[in-house]
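These are my notes from one sitting with the structure. I looked up a helix, a loop residue and a surface patch.

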Amino acid sequence: MSPSETPCLSIAIAGMSTSVANHFATWVVQSPDWNGYVHHDSSWPEPLSQTWQAWLELFSPHSIPNRLCSPPTNNLALIATSDSGRQLSYSTRLMQQLGINLWQWLFQGSIQASLHRSQGIAIGQDQPLRIRLDLRDADLIPIPWETMQPQAGQPAISLSQNLWFSRTTFDVNPLPQRLAAQGLNILLILGENQIDNNAVEQASCLLKLKLEEEAISLSKAFEQCSIDPHGNQIDPHVSCGIKTLIQPTVEDLIAELETDRYNVLFYAGHGVPAPDGGLLFLRPDTTVNGTELAQVLVRCGIVLAVFNTCWSAQPAVEAVSTASNSLFQAIPSSSLAKVLIHHGVPAVLGMRDSITDAEALSFIQAFARALGERLPVDQAVAVARQQLLALYKFNQPAWTLPILYMHPEFDGVLVQPLEQIKTEMPNTAVTGFGVIPRAWLRLMSSVGNTPVQAWPVDTGLVRVGRGEGNDVIVSEQWVSSKHAEIFCRHSSDGKTQPNYFLRDFSRYGTLVFNAQQWQRIHHQEIPLISGMQLKFGSSQGQMLEFIIEAQYQQ
């Protein structure tokens with residue numbers, strides 16, 4: 001099974017306007033289980049607020065507390081032991097406790113049941129389960145959800161080999177059509193190395209960078225992306241091209257991107273949160289914000305954008321005065337990572353907090369090697385995160401700092417997997433179950449309702465979508481890159497005639513004309529009857545008709 005077919009469970013969390021403070025709605029947006037689209041309401045519990053406050057005080061003292069934090073307290077009780085029964089350090093216990101508390105709050109009730117069913121489906125398919133979290137309340141974004149773990153002794157969700165974790169947002173522009181590349185083409189940007197302390201508040205991040213040395217180190221890390229730690233070539237076909245720009249002007253950056261040679265942008269330098277997607281400091285007198293950068297990255301086909309800069313995955317905050325006191329409130333959709341995803345960049349990797357040069361370089365080296373192994377982006381991040389854990393230990397925040405956002409339509413494939421070479425079957429293909437009934441998918445004219453184009457379903461499988469890798473390409477904005485597939489299924493006893501089915505994977509669903517009315521199918525599988533009419537994505541879209549040749553019909 002390809003990464004694009006990896007089972008995916010997407011969960012959204014949004015604040016609710018109720019009389020109860022900090023009340024949230026949690027629901028499943030995407031699930032491999034047709035009965036898994038469930039909803040659960042709950043309040044943010046005080047014990048979790050206390051743990052989150054203690055975590056900030058220990059691991060991120062320069063962060064600004066929000067409404068989900070409790071006032072500082074010394075009454076937090078943490079009890080945790082290792083498998084050997086030895087009592088763990090306070091930092092380890094705190095890291096573990098926050099992860100367990102977050103898991104128990106998110107995966108409860110029907111949400112927990114949906115997770116278990118999705119995990120069962122993934123295990124049955126011998127696949128990992130993708131979990132994507134859409135945080136629609138800005139105050140939830142700074143929380144390190146990557147630390148979630150079901151219980152002590154089990155891996156955190158972002159470290160698991162069986163769970164590929166990322167954040168997402170469904171408030172996005174559709175992905176443009178593009179194919180996975182055969183190699184990595186990286187534009188490496190080294191930004192401003194020293195900023196006036198009066199320009200930003202987060203002075204702790206203002207360390208002078210030795211740009212030339214950093215450029216050499218990062219280039220070597222990417223150049224080694226197809227070589228394992230023992231010096232062996234992983235795959236001679238994974239090429240890696242790198243060009244470095246040191247403190248470019250905005251015009252130079254745009255001109256280089258517009259050569260359309262790159263699929264990866266890597267920025268190292270200083271950055272700060274701001275309402276328009278953060279600010280990146282290219283030169284002493286030159287900045288670019290996330291909204292401006294997003295337009296160029298999408299237009300020029302960047303698939304993965306990596307930002308080795310402080311707080312690039314954090315939203316900006318503003319002071320809000322109430323009748324009793326003043327507090328700081330996060331500005332929705334203001335983080336650099338989320339703004340880029342919103343505009344249509346497929347994958348963005350940023351930092352939740354400040355990160356040292358040594359930690360960042362260790363992460364990039366492991367991340368580049370994983371991409372060189374043709375791993376999907378979310379799996380590659382998990383592998384690189386494990387490297388940080390091994391070097392800097394569980395009770396240090398380094399492994400929690402990288403934050404991956406992925407577009408809901410992106411399958412994670414940056415470098416084309418070797419196994420995804422399309423194999424054609426002859427038109428008269430005969431399986432062990434017998435001959436496949438000959439069927440067609442026909443595009444119908446809006447005038448006269450006559451067919452104007454037809455696609456045979458000769459091999460028993462047709463993929464429909466906006467992307468170029470599909471058998472039937474529908475170039476309409478509401479059609480997903482991988483929208484649906486039509487396939488033939490045989491009975492287990494080989495006696496019953498094979499039947500065709502439609503399976504929807506899309507964002508907006510598929511309309512099926514059945515029983516004299518249009519019915520929307522979303523993430524479901526239905527049987528197809530000869531003569532059934534279909535519209536992909538929108539009622540305003542093109543109409544297609546599914547036909548089985550007469551000699552095959554009973």
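This is a predicted model: local features need pLDDT of at least 70, side-chain atom pairs count only at pLDDT 80 or more; totals for chains, interfaces and linings use all residues.

Next I listed the buried residues of H9: Val 377, Asp 378, Ala 380, Val 381, Ala 382, Ala 384, Arg 385 and Leu 388. I recalled that an α-helix has 3.6 residues a turn, so residues three or four places apart point the same way. I then looked up what covers the buried residues of H9. The cover includes helix H8 (357-372) and the strands S4 (129-135), S5 (163-168), S12 (304-308), S15 (347-351) and S16 (402-406). After H9 comes Lys 393, and I noted its positive phi, near 75 degrees.

I turned to Ser 538, which sits in the loop between strand S28 (533-536) and strand S29 (543-548). Is Ser 538 buried or exposed? I noted it as buried, because its relative accessible area is 14%, under the 20% cut-off. A polar atom of the Ser 538 side chain lies 3.0 Å from the backbone nitrogen of Gln 540. Leaving out residues up to four places away in sequence, I found Ser 538 touching Trp 478 and Leu 511.

Last, I checked the surface. Ile 64, Val 317 and Phe 328 form a nonpolar patch there, with about 230 Å² of accessible area together. Val 317 belongs to strand S13 (residues 317-321).

Key. Residues are numbered from 1 along each chain as its sequence is written. Side-chain values use heavy atoms; hydrogens and water are left out. Patches are made of residues with over 30% relative accessible area and no salt bridge: like charges are joined within 9 Å, nonpolar side chains (Val, Leu, Ile, Met, Phe, Trp, Tyr) within 5 Å. Accessible areas come from the Shrake-Rupley method with a 1.4 Å probe; for residues, only the protein chains shown count as cover. A salt bridge is a side-chain nitrogen of Lys or Arg within 4 Å of a carboxyl oxygen of Asp or Glu. Helices (H or I, at least four residues) and strands (E, at least two) are DSSP runs, numbered from the N terminus. Buried means under 20% relative accessible area, exposed over 50%, partly exposed in between (1.4 Å probe, protein chains only). A polar contact is a pair of N or O atoms within 3.5 Å; within protein, one must be able to donate a hydrogen and the other to accept it, and residues adjacent in sequence count only if both atoms are side-chain atoms. Contact means heavy atoms within 4.5 Å.
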